[in-house]
Amino acid sequence: MGIATEEDPKEMKNHQNSVDEMEMKVVRFSRGKAANLSALRDKKLKGQLTGKEKLIGISAKAAAQAEKWFLPIEGGYLEPEGLEKTYRYTQEQIRGDVDISSKRKPFDMILPELGPYTLEYTSNGRYMIVGGRKGHIGMMDMLSMNLIKEFQVRETVRDVAFLHNEQLFAVAQKKYPYIYNHHGTEIHCLKEHGKALKLQFLDKHFLLASINSFGQLHYQDMSTGEMIANHRTGLGHTDVMRVNPYNAVIGLGHADGKVTMWKPTSVKPLVTMLCHNGHVTAVAFERGGHLMATAGLDKKIKIWDLRKYEVVHTHAARAESLDFSQKGLLAASDGSLVEIYRDAGGHDYKVYLKHRMVKGYQVGKVLFRPYEDICSIGHSTGFSSILVPGSGEANFDTFVENPVETAKQRREREVHALLNKLQPETVMLNPNMIGNVRQPKKKENKTKKEVEEEIEDAVEAAKSTKVKNKTKGRSKPSKRAKKKEEEVLRAKRPLLDQYNEIGGHPDKKQRVGDKAELPKALQRFAKNKQS
Amino acid sequence: MRVKVISRSTDDFTRERSQDLQKVFRNYDPALRSQEKAVEYTRALNAAKLEKIFARPFIGAMDGHIDAVSCMAKNSNYVKAMFSGSMDGDIRLWDIAARKTVCQFPGHQGAVRGLATSTDGDLLISCGVDCTVRLWKDPMRKMMDTNDAIGDASQPSAVYTWKHAFWGVDHQWDRNVFATVGAQVDIWDHNRSEPINTFEWGKDTVLSVRFNPGEPDVLLTSSSDRSLTLFDLRMSSPARKLIMKTRCNSVCWNPREPMNFTAANEDTNCYSFDARKLNEAKVVHKGHVSAVMDVDYNPTGREFVTGSYDRTVRIFNYNGDHSREIYHTKRMQRVFCVKYTYDGTYLVSGSDDTNLRLWKSKASEQLGVILPRERKKQEYLDAVKARYNHLPEIRRIDKHKHLPKPIYKAGKIRRAMIEAESRKEERRRAHSAPGSRTMQPFRKRRLITEVE
């Protein structure tokens, strides 16, 4: 036709929006800002880095486009219309509005004898293991809803944890943690861990971490069996432990209101935060690693920014357990009530959904199922699961975690996971530090005053050392005095050199006007009159 | 209220029949991959280790000569062919793929010093200390026609006797002209029994000659008066000359950047020059512990190989100051000549122990047909390795090279000597009047003058 049509302003706006959205995505995929190359003087390096930056830009754009166009399914949502409130929307109503296959997903399993129950998912969200306090262990395939194995260990079960895949899992029992395979056969007994209260598996490092009743934190390598670390927390008995998925740092909540963070290679906690006035009852970390939620007996749920270690949101509520979903929803349980919070913008967590169990049920654990809009609840009389629209990641990556993986794919992934096993040293607060160059520390020059103080301390210390009693006249007062004098001089000497380097004269009194010529107005204050 | 929850039908995400390929879904969201950098670093570390484990560069030795191999020539039309000449006057054509002699070209009375092939591959030119240049027509005939028994293939199509012993020969790629060097530089035509042109600059022996791959009339020689000389056939006299402190045994132009060339020097270093700017070397390639005897560029122009009197073959990047690889075997003696094959995958070295040795140019490369997935994986591993190469653990593994004890020790002594020299120079500078001793970069230190 060749005639330019007038562009619709609405269409223009839509176009603008999509461009903005695309730019946001590109920023996310380029993983941080580009380096500033204009300051570089080395032409060769500049050329190389320019090429690299260009490549990063191209790949980020390609990834953003792939995300926009190629993702197979859309995430879940729950959108109110008019005056409706999402938290008034009950499970029955949700179940009435969703498709048939999703209707089958929520369930209530009533097992009153062996509870309360704790539960755990594999990282791909396909398998669930439940552990009843009185020794009941069950493993289920949540895709087909089949029971894979169920058995009794006939002693107290405190926690359960999957190892790298569903083939093996660990159970914290009365005295020790044990490892079982999916047939229910006992593989190992981990006696060194002692009476473990909580277990967490660091899947990239193949480390099983446990906290025992003496407050000892153990790390054991599950691929070699080697005990990597044994840290005494010194903060007493606790069963609040969570691993931060972003950096594999372990967060512990203590009875004195502190939350401490640990890595296997340091015996001291990396961070100690005073979070609550009273017991910390639950800790949870967000997938992105920047947010932590804690709940305490002081009836507060706090959201922390882990980059600044500051509270960004406080909510007055009790919680026995907390969990962040993949999309950042926060589940909290209090008695028989389960509340789901959602970030309403600017870390303002508002109640999104509420679910009340039958009165008298005590909810012990809430856990979102990865890659599904489901939250599972372990409570005193069994376990249940509810639908939480918008909680899970809709699209999985076959090479990261695959909820529909075959046995062959699982084996392949196991081999790759072992090849890429990270060393315990790579657990650190900022995992992006690897490969970076640390800024050189400025060499601190001591001030005169500091050196003077140091000299004083050294002299003081030298004077206060006791001289041994000696015989044959070597302990005469004169000898002693002489010895002490020598001692003092010896202590002083290295520091005196330092002091002279700075330009001070410790022995002499400062004489104003000795060397520097004073301005005329000040000369009359000088001791020796200047001519 | 609008509600939707994630609902995946398993059928959409798994294959229908067992013969089908598994379905693959990608989500590039960085949030799904935690600790990416640590994982990449681990992969890079493993790749560096694997590379060292699989580094088996030596493919095989080709024996047959009964004296030291003195020179080699490759044929641009046949990737698997290689000519070699030895000190006893024997010339052989080798099939590299089969690692066998295809035929021999007898005739020379003394050592063969130079071999070259014409661009179309139909002519082999050899010259030696017996003062003859021999032209062998159609040298590849035996290679094409395999049913003949191995033996002396042919008589030379022409034998030109001249006044002096020859040290090297190179063929021009453009016309039927070749240059020989010895006491002087002679330019020959295929059909003329006497040189068509002769150059002389100084009375010393010229050791090697190479035509420029870009400009056919320009040639470069190195001679025993420690000079590198540029000639232009269109002019009646040589163009430029650079005198160094020690002599260069061999020169080679960079085929991709034909203004640049590299000279293998007697002082254990190789010097890369820009022919337009001879007052300083672009790069000094260090590493050998004895005189470098020969140098040859990869056809890609990104790296070159050197053979040395210290019994090692080394590969350098065209701009790298130290070698990327060091090849040696227990039995390999002093290396006199090295060549890259035309596909850039293999090296051939000829040494004093009468053998030609075949090497891979990338020590841990998998030979043979590689599936696209394998190739992609290798590319990925190379990329992560390059990305984390600055980290101490990876660099340590990557840099580690096992050397025979004598070479290692010689290198250590050399380093100590260089260090002592620089220390001395530093002290001299410190104790002389400021500005009276100028610091000279190493790129200029071994050059004396440039003569026009």
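## A loop in chain B

B:T268 sits in the loop between β20 (260-265) and β21 (270-274) of chain B. This is a predicted model. B:T268 is not a glycine, yet its phi is positive, at about 75°. Most residues other than glycine have a negative phi.

Is B:T268 buried or exposed? Its relative accessible area is 6%. Buried means under 20%, so B:T268 is buried.

## Two loops in chain A

A:F206 lies in the loop between β11 (196-202) and β12 (207-212) of chain A. A:F206 is not a glycine either, and its phi is positive, at about 60°. The relative accessibility of A:F206 is 1%, so this residue counts as buried.

A:P116 belongs to the loop between β2 (107-110) and β3 (117-121) of chain A. The peptide bond that leads from A:G115 into A:P116 is cis. Its omega is near -10°. Most peptide bonds are trans.

Which residues of chain B does the UniProt annotation "repeat: WD" cover? The record, an unreviewed entry, gives residues 62-104, 105-137, 285-317 and 328-369.

Take residues 62-104 of chain B. This span is 65% strand and 0% helix. Its end C-alpha atoms lie 14 Å apart.

Now residues 105-137 of chain B.

Methods. Residues are numbered from 1 along each chain as its sequence is written. Chains are lettered from A and ligands numbered from 1 in the order in which they are written. This is a predicted model: local features need pLDDT of at least 70, side-chain atom pairs count only at pLDDT 80 or more; totals for chains, interfaces and linings use all residues. Side-chain values use heavy atoms; hydrogens and water are left out. UniProt positions are given in the numbering used here, feature names are shortened, and annotations may be inferred rather than shown by experiment. Helices (H or I, at least four residues) and strands (E, at least two) are DSSP runs, numbered from the N terminus. Buried means under 20% relative accessible area, exposed over 50%, partly exposed in between (1.4 Å probe, protein chains only).
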